[in-house]
Every structure is written in structure tokens, then in C-alpha cells.
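These are my notebook entries on one protein chain. I set down what I looked up, entry by entry.

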Amino acid sequence: MAEMGSKGVTAGKIASNVQKKLTRAQEKVLQKLGKADETKDEQFEQCVQNFNKQLTEGTRLQKDLRTYLASVKAMHEASKKLSECLQEVYEPEWPGRDEANKIAENNDLLWMDYHQKLVDQALLTMDTYLGQFPDIKSRIAKRGRKLVDYDSARHHYESLQTAKKKDEAKIAKAEEELIKAQKVFEEMNVDLQEELPSLWNSRVGFYVNTFQSIAGLEENFHKEMSKLNQNLNDVLVSLEKQHGSNTFTVKAQPRKKTKLFSRLRRKKNSDNAPEKGNKSPSPPPDGSPAATPEIRVNHEPEPASGASPGATIPKSPSQSSLPAVVVETFSATVNGAVEGSAGTGRLDLPPGFMFKVQAQHDYTATDTDELQLKAGDVVLVIPFQNPEEQDEGWLMGVKESDWNQHKELEKCRGVFPENFTERVQ
């Protein structure tokens, strides 16, 4: 019997709740259609708007604070790995090894302490602050439902009073339900009318305390971290003083091929050497007509077969043995004559000029075909006559000062390491 009674009570409560929902739904429809008036409280509605704004701001602050803590943890891990790297490369015989290790340990502890204090003094306080919002939000929603119940009871009571045939029993019951609904609503309304403004005003103190805590913790953290960094800097300065001669220097890439100028000399000697069993005349003296082959430029079209030939560029059997400067000068002259008409001739620069570089470090030449550089020297870069002769990481050029003074590639050009320079033009 008790079980049946319990089931009956439950069924009755469910039926009552369903009836309440139907009554509220009908009341809301009538209010929206303008067939029933709605109790308004503008002051309370403003409090609800402030509450929603405060909840949104607090939720965002909580999210951003969690992001900040995640970033602190990530920085801790990165700093820890960096310290571990320093410990690994710090060789046992170097002075200050123990101090460097101790600094790394303190660095790790400082990050851990900073993260934990942020959790205790900021995040937990933030969680407590936001913890009160769900309950109040639920009570605001319940107050809204009770207000609809009150309006519905009021309208029912008024309709019975204005009916043509009055039923005093129904009117009395409706009045009783109205008084009950009004009492429930007003109790909830009064409590929220007090709590919401108080909660809204508390936001100022909460934000001040939260950001003061974060700022103070961060300030102390950076002060202590600064001390550790200064100590580490002192250790490294001491190491540098005792091992100053082992500082890193810029080095050129090794040249794997035979030195360029010596190779050119061997080629030239080979081209000029007489064939075995034949006699070759001695080379003409400098300045004689045969010393420099006549070079003429023909701008006319080639003559037809049998026609009289015009000016031509003779092909000398020993053209391959001509000095490189003659070939380059000739090419520059022809190109300059052609390009000059378009305004692009660069006759003030070495033949084949590509770009300028400036030496960033001193370089001491180790062979006769290399340029001696001082930091600040400007070099005019030109191509290798034979690309196969170029070593990786090396360029061919002439110092701008030498070119302006001599205008002779044969005497001034040389190779130099590219990583000692920086392109400027």
C-alpha cells in the first residue's frame, strides 16, 4: 500500500508540473499577443543584464588566465630544455660548471614556484568567483517562471470577478492561489534584488585583486630570474676570459680544385709549346704587329657566294691561347657598343660584371690567385671564364679600388670566399 501511495504521489506531482507548464505556455502566448498584460520590473531587468555581462567577462577572464598558465608551463619546459642543453655542452674541465648547474636547478624551481602561485592566488580565486554564477542564474530563471505563474493567477482571478455569473467558491480559491503565487514570487524577487546589485559591485574589487596578484607574482618572478641570468652571465664571462683564444672565427670553405692561375699558366704554356719534331718560330716581341692580332668588327651581312667579302673578324689559329683579358676586353667592347645604344652599357665596370659585395671580415690570401681582403673592401664580382674552375663557396672578382686605379683584370682579379662578404648591389 505504501508503494502504491508513493507512486500515486509521484504521478500526482508529475501531473501538477505538466499542468503548470501548460498554464505558463498559455500565459506567455496571451502576453505576446497582447491579450494579457505582463508584470514588468525595469530595475530588475537592468540587474539581469549586468549579471549576464559580468558572467561573460568573468568566463573570458578565466579562459585567458588558463591560456596564460599554459604558456607559463610551455615556457618552463622550453627554459628547462635550454638549461639542459647548456649543461650537456659545458665540458667538465671548464670553470664554473658547478655554478652553471646550480643556476639551472634554481631556474627550474623558480618556474615551478611561479606557476603554482599563479594557480593558488589567481586561478583558484577565479574559479571561486565564477562558482556563484550558476546558482544565481538558475534562480533568475526560476523567478521568471514564478512571475508567469503570478500573472496567470492574477488574470484567472480577475476573469472570475468580471464574469456575469459569479461563483464565490471559485473566486475564493482563485484568490487563495493568487496570494500564494504572489508570495512565492516576491520572496525570490526580494532576494535577487539584493544579491544582483551586490554581485555587480563586487566585480571591481575582484578584478583589482586578481590583476594585482598576477602583476605582483610576475614582477617577483622576473626579479629573481634576472638575478639568475646575471649569475649565469658572470659564469660565462669567466669562461670566456680563460678561453679567450678559442673564440669562433669565420673560415672559408676549402678549395678542392687546382689553383686557378697556375692551371691557366699550364694551359697557356701547353698551347704555346711546339709539337714534337717540329720547329716553332719564337713569339714576336711585344709591340710588333704580330704580337696583337688585328680585330675588326663586321656589322654588314655576310656576302653571297662569289661576292667580295667585307670586313671580318679573322680567326687566328692561336686564338685559344690569347690572354683572357684580350678576349674579355673584346667581348666587353662589342657588347658595350651594342648595348650602349640602349643605354645599358657599363663600360666603367669590369667586363662581365655581375654584382658588388662588401667584405665583412678580414681574409688573408693563402695563394697567388686569391684576393687579400680587409673588412669594408668592396669587390666587383665577375664570372669565371670556365665555370668548371669555380670551387663551391668561392667567387671571382676584383677589388673596386684596384679596378678604379689600374683597370687591368689580369693583375687585379682573384678568387675569394663568399661567406666573408655580403652582397650590397
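**Entry 1. The chain as a whole**

I began with the contacts, a contact being heavy atoms within 4.5 Å. Of the contacts in the protein chain with a separation of 6 or more, residues 24 or more positions apart account for 71%. I note that this is a predicted model, in which local features need pLDDT of at least 70 and side-chain atom pairs count only at pLDDT 80 or more, while totals for chains, interfaces and linings use all residues. Residues are numbered from 1 along each chain as its sequence is written, and side-chain values use heavy atoms, with hydrogens and water left out.

I then looked up the secondary structure, where helices (H or I, at least four residues) and strands (E, at least two) are DSSP runs numbered from the N terminus. The protein chain has 9 helices and 5 strands. From the N terminus on, I read the order as α-α-α-α-α-α-α-β-β-β-α-α-β-β.

For burial I used relative accessible area: under 20% is buried, over 50% exposed, and in between partly exposed (1.4 Å probe, protein chains only). Of the 425 residues of the protein chain, 28% count as buried.

**Entry 2. Helix α2 and its partners**

I took axes as lines fitted to C-alpha atoms, for helices over the stretch in contact, with angles from 0 to 180 degrees between N-to-C directions. The axes of helix α2 (residues 42–89) and helix α4 (residues 133–161) come within 12 Å and cross at roughly 150 degrees. That makes α2 roughly antiparallel to α4; the classes are roughly parallel under 35 degrees, roughly antiparallel over 145, roughly perpendicular from 65 to 115, and oblique for the rest. The crossing of α2 with α4 is left-handed, a term for a near helix turned anticlockwise from the far one by less than a right angle, with clockwise being right-handed.

Which residues meet between α2 and α4? I list Phe44, Val48, Phe51, Gln54 and Leu55 from α2, against Phe133, Ile136, Lys137, Ile140 and Arg143 from α4.

The axes of α2 and α5 come within 10 Å and cross at roughly 15 degrees. The helices α2 and α5 are therefore roughly parallel to each other. Their crossing is also recorded as left-handed.

Arg143 is found in helix α4. Is Arg143 buried or exposed? It counts as buried, at 4% relative accessibility. Leaving out residues up to four places away in sequence, Arg143 touches Asp41, Phe44, Phe185, Met188, Asn189 and Leu192. The C-alpha atoms of Arg143 and Phe185 are separated by 6.3 Å, although these residues stand 42 apart along the chain.

I next checked charges over rings, which require NZ of Lys or CZ of Arg within 6 Å of the ring centre and within 35 degrees of the ring normal. Arg143 lies over the face of Phe44, at 3.6 Å from the ring centre. Arg423 lies over the face of Phe355, at 4.0 Å from the ring centre.

Asn189 has its place in helix α5 (residues 168–242). Asn189 is buried, with a relative accessible area of 12%.

**Entry 3. Aromatic rings**

Rings of Phe, Tyr and Trp (its six-membered ring) pair if their centres lie within 6.5 Å; planes under 30 degrees apart are stacked, over 60 edge-to-face, and the rest tilted. By this rule I record 10 aromatic pairs. One of them is Tyr129 with Phe133, edge-to-face at 5.5 Å centre to centre, with 70 degrees between the planes. Both Tyr129 and Phe133 are buried. Phe51, Tyr129, Phe133, Phe206 and Tyr207 form one aromatic cluster.
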